[in-house]
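The sequence and structure are shown first.

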Amino acid sequence: MKRTVSPFLLGFLSLSIQLLLLREFVPQFNGNEVVYGFVLGFWLLWGSVGSLLASKFRLSPSTLPNLYRITLLLGVLGLICLRFIRFFWGRGFAESLGVSAAFWTALASTCLLSFPFGVIFYLNVALYHGEIALVYLWESFGAGLAGLVVDLILIPRFTCWQAMAAIGLVALLLILIQFYSLKGLIVSVFLGLTLLVFWHFDYPAQEVVARPFNLLASHDGRFGRLQITKIEEQLTLYHDGLVAASLPNPAEAEETVHFALMQRHEAKKVLLIGGGFGAVKEILKYPAAEVVYVEIDPDIIGLMRVFLPPEERAYLESPRVKVYHLDGRAFLYKMAESYEVIILAVPGPATAQINRFYTREFFLLAKKHLTPSGVVSLKVASAENYQNLSLRRFLGMVHSTLGTAFSRVEVIPGETNIFLASDGPLDISLNYFASVLKKYKIDTQTVIPQVLFDRLNPWRQERLAKILTGSPEVNRDLRPRGYFYYLSFLASQFGLQEERLLGFFARIPGWFLLILSTLILFLIFCPFLLRHGKKVLPGWPLLILGFTTMMAEVLVLLWFQTKFGFIYEKIALLVSLFMFGLFAGARLSQKIALPPIKAILLDQIIFIACLSGLLLSLPLSVPGFVPYLFLFLFGLAAGHLFIACNSPLFKERLGYGLGYGLDLAGSFLAAVLGPVVFFPVLGLPLSVVSLLILNLSGLLAFIPRLVLDGKGS
Amino acid sequence: MKRREFIQVAGLGSLPLLGCKLFSAPLSPFSQNQPNLSRVEARFYEKLPDREIKCNLCPRFCHLGDKERGYCGVRENDGGTYYTLVYGKACALNIDPIEKKPFFHFLPGTQALSLATAGCNVNCKFCQNWQISQVRPEQVEAFDLPPELVASNAQKYSCASVAYTYTEPVVFYEYMVDASQESRKRGVKNVVVTGGHINPEPLEELIKVVDAIKVDLKSFSENFYKEYVHGELKPVLEAIKLIHARKKWLEIVYLVIPTLNDDVKMIRQMSQWLLKEIGPDVPLHFSRFHPMYLLKNLPPTPISTLEKLHTVAREEGVRYVYIGNVPGHKAESTYCPYCGQMVIKRTGYLVESFELRNGRCRFCQSPIPGVWG
């Protein structure tokens, strides 16, 4: 039992700290796929470097208990630094930090936090005299359990810093169990007290960062960090550092609602997905309308309700309003009702997760829930006087995607563009809006003829129409280009380098991506090959393994969300199931001993079979258990392959950390390139095909050796 | 794909690992529009030895070597001669109500042909037009619109004025001056919407050919200018004084950004300064901020803050104080400072009633300063 504590702690601690780092990172850098890619990618990269360097310098396992404690302290320090990172970059609470700042911060913070875990992996293997299967087995189990504990127990109940303190206390206890000494006990008590102090300072630290705003409340919930600030009468809700609602702000709420509702002013059923506060009030101005308001995060309403003025609260409590706490897509899958108007008030598609609301499949799903002449409306960031290339591509794509689902699409120009789509009539003329406002006595402050005459100026409409029409691109679930273009637009705010980089990937042919990633993988492998010769060849499948499993994991998560919606608990379970798959695979390799070459071959075949199965399943309506099964199988094959590849490396005395380092290096590349480039540019099916080709190459490379071995025996 | 393109693509493809900032612009096959640059010699610069020049247009006084561009990105030294690259190269063109600029005392209820080229000589973190102001001219889609066409289009679309706006018109100075002269010939007036970062000599010349200037006073604090504008306050104040001294119609807009430039004490000082230097009759607009560009995560300005600042400026003696970007607010309208009657009723960008006769209040006959027709 005691033998398993240290590797278990490694997995438990590393995944817990990684999850908490990401939780703290996102509010500071307004998380999107690029930011996630940086954090996850650099985390894996530094882990890899730590493992490889430790292998080179052959550190002593006696340093392990202290290294665990130092890692804990670094975890705390890392979270503190991230909380105050705005001061370092010279930016205020509400200022965007930008892509470059995210890049360098991710690089530095993951170095601080992940590098030691790479070293610890090596030391664990050294501690157990090369029993890598044992270490990998219990590391995987620890990581799987950490995923469940952090996602399902700590995050819903505690703040980020409190969760870190709780994990730290558990870790200190486990360190004592494995490596008891009196000196260690004293140090642990001191560290425990430090963690208890840390527990209490989350909110005060947030207050300092939020200055000069008056921070009324903060809540770290399942879907991110919610903060409420107030200046004068202006109440603002932040979700992961981005403004989710600011009240009063009639301009925002009115444009979200009225352009759509005026098309069907006698609507009885209106579905509002996200963005409810001001919008519900505006919808209720139409006497016949009943609102179904779908908001994924119950904490948003729960927290805001406390601070809302009574009259605003009354709108949410009106008998004409029904609130459901579900992912918008999951809601539409689940319910059968039809609506005259569906208003989509979700943020711009900066992540693949939000992009699910901008795809052809979603619009078709929405259409199923519309009456025959129903209207769907969505609002996206734009510009009044000039739209740059990135923005044009994004807007054009939204327009053409809507056009594949509806026969009519109209767009209101302005700082934000309101897209209206329907199979029935649409009228966005000034006269029409003016007559509806007058006839039905709809009381508005900014959607009024005195402002609309400028916004609907024919010059602006004509110019916008030119930009929007003719885009050949369609945003699809399985080829989610929308978030790629939106990210490119966001990047253009911070300088053109980042925009150009994304734009470059948008232009290149798909096959080039595969060659590029293979080339980078080969470049990573080259120094080892040059140094150790063919002895290091079993490391190549590990590199491909890291790349494949990371890509496949993220891809299945994304696929799951498009099929079944974003369901927090299920996503947490999916991630953990992969880890438990690794555990089972490693265990299997202990139980059934195969010659390494045969084992590698078998695992490659399993990988190819899984990828082929995934490829075939992607476009199908599959039962809910299928994505779980795939992730478990990927984990199983990966766990088994990891052990199979490591044993010949050990036999050749190439160092305990080499295999682990190569696995993480492959994962690093996948984390950076997968969600940001592969999925949107190639689409999910072609990404799987790329993985298949890559794995087939791995398989083909080993067949001659197998044949030779067979002849030899 | 040609061999050369392939080499570029392959070269670029390997760069992501090195970090975004290492990415080299000239190699990129992406987003560079075909250069559509003018080559008209710029004004207000000094030739220096070794083909260097010094730009005297704005307070940055860019000192440039051969082939270098100024901070604005639209003026280039080529072999010791300084060129403007955006002469006649408009990238945004609209017909806007003059109230949108905002000018409230200048030809109310008329339309302005509004145009801009790329570039700006400051870098405001809250810029509404960052997609054209913070880029080089090669990075926008511009079209040819020579000064004569500006003037004829204004006439064609019944615009009473041409507005040089959206980006900082100082950076396309030569184009603005020539277009203003052409417009004048056709009886069309010219208005400038500027941040006021311009040196006295070019400003003097500009004043001669335009009819009204709106200055965006972004704060009354040097620190704010340094941090959020990347500019200086002092030259802006000097420009305001000069415009007023030359009796050119002037309006001042102050965008109130919550927590950053909304300090009551500072606004009181600013109002006192305005009163002392340019008198009580220059309209002062307090505009509501909406989250924008790099300050997207700020809330909109609370209406009560705007009202508080409005009161402060009125208390200090500024006669025509407005609240902008709040359609329907009573402070959008003009009131006679003598009898208190509403003389111009505005809602949004629309003038709903106009109670001036020959520039005088219809109720008490007191003069209301402005350019009324």
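In this predicted model, the axes of helix H5 (residues 200–209) of chain B and helix H7 (residues 234–245) of chain B come within 10 Å. These axes cross at roughly 35 degrees, and the crossing of H5(B) and H7(B) is right-handed. On the H5(B) side, B:Pro200, B:Leu203 and B:Ile207 take part; they meet B:Glu238, B:Ala239, B:Leu242 and B:Ile243 in H7(B). By class, the contact of H5(B) with H7(B) comprises six nonpolar residues, one charged residue and no polar ones.

Chain A contains 29 helices and eleven strands. Its radius of gyration of 27 Å is close to the 27 Å that the globule rule gives for 713 residues, so chain A is as compact as a globular protein of that length. The C-alpha atoms of chain A fill a box of roughly 90 × 60 × 45 Å along the principal axes. Of the 713 residues in this chain, 58% count as buried. Among contacts in chain A with a separation of 6 or more, 79% join residues 24 or more positions apart.

The contact between the chains draws 48 residues from chain B and 48 residues from chain A. On the side of chain B that touches chain A, the following elements each give two or more residues.

| Element of chain B | Residues |
|---|---|
| helix H1 | 3–13 |
| strand E8 | 92–97 |
| helix H2 | 130–133 |
| helix H9 | 303–316 |

E8(B) provides the largest share of this side, five residues. By class, the side of chain B that touches chain A has 28 nonpolar, 15 polar and five charged residues.

Notes. Residues numbered from 1 in each chain as written. Chains lettered and ligands numbered in written order. Predicted model: local features only at pLDDT ≥ 70, side-chain atom pairs only at ≥ 80, totals over all residues. Axes fitted to C-alpha atoms, helices over the stretch in contact; angles between N-to-C directions. Helix = DSSP H or I, 4+ residues; strand = E, 2+ residues; numbered from the N terminus. Left-handed = near helix turned anticlockwise from the far one by under 90°. Contact = placed C-beta atoms within 7 Å. Nonpolar A, V, L, I, M, F, W, Y, C, P; charged D, E, K, R; others polar. Rg over C-alpha atoms; globule rule 2.2 N^0.38 Å. Buried ≥ 20, exposed ≤ 12 C-beta atoms within 10 Å, placed from the backbone.
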